[in-house]
Amino acid sequence: MADKKDKLALESLDFFYTALAKGIINLMVALDPEIVLIGGGISANSQFMEGLQAKIADLKSRNSDVRDLTFAEVKPAKLRNDAGIIGAVYRAIQAN
């Protein structure tokens, strides 16, 4: 629906981007990771990943406390939505 420019969908998506970006920024400040990986099916959506990265950059640029900090790269996890099923299969193999 956001692709069709539905107002409520766009507002909801922006709210989600903002909440997730704030959480990621807090983790970056507190833990200083080398990289932040986003997993699950949503990570396969390049438009979502671009929107999230844009929101992180926007929030960072508007906050003088973190503006000059070097942040980790935010990327989709390599296995994306398959990580859970691969982990389950691995666990089943290990149990035998």
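This is a predicted model: local features need pLDDT of at least 70, side-chain atom pairs count only at pLDDT 80 or more; totals for chains, interfaces and linings use all residues.
Let's start with the core. The largest nonpolar core has 16 residues, and helix H1 (7–31), strand S1 (35–38) and helix H2 (46–62) each give two or more residues to it. Among the residues with the most contacts inside this core are Ile 24, Met 28, Ile 38 and Val 74. Val 36 is another of that group. Leaving aside neighbours within four places in sequence, Val 36 is in contact with Ile 24 and Met 28, and also with Ala 72, Glu 73, Val 74 and Lys 75.

Now to helix H2. At its start, a side-chain oxygen of Asn 45 comes within 2.9 Å of the backbone nitrogen of Gln 47. The 17 residues of H2 should span 24 Å at 1.5 Å a residue, and because its end C-alpha atoms are 24 Å apart, the two values agree. Buried residues of H2 include Phe 48, Met 49, Leu 52, Ile 56 and Leu 59; the buried residues of this helix pack against H1, S1 and strand S2 (73–76).

Not counting residues up to four places away in sequence, Lys 60 touches Ile 25, Val 66, Arg 67, Leu 69, Thr 70 and Phe 71.

| Pair | Distance |
|---|---|
| Asn 45 side-chain oxygen to Gln 47 backbone nitrogen | within 2.9 Å |

Notes: Residues are numbered from 1 along each chain as its sequence is written. Side-chain values use heavy atoms; hydrogens and water are left out. A nonpolar core is a set of buried Ala, Val, Leu, Ile, Met, Phe, Trp, Tyr and Cys residues joined through side-chain atoms within 4.5 Å. Buried means under 20% relative accessible area, exposed over 50%, partly exposed in between (1.4 Å probe, protein chains only). Helices (H or I, at least four residues) and strands (E, at least two) are DSSP runs, numbered from the N terminus. Contact means heavy atoms within 4.5 Å. The expected span of a helix is 1.5 Å times one less than its number of residues. A polar contact is a pair of N or O atoms within 3.5 Å; within protein, one must be able to donate a hydrogen and the other to accept it, and residues adjacent in sequence count only if both atoms are side-chain atoms.
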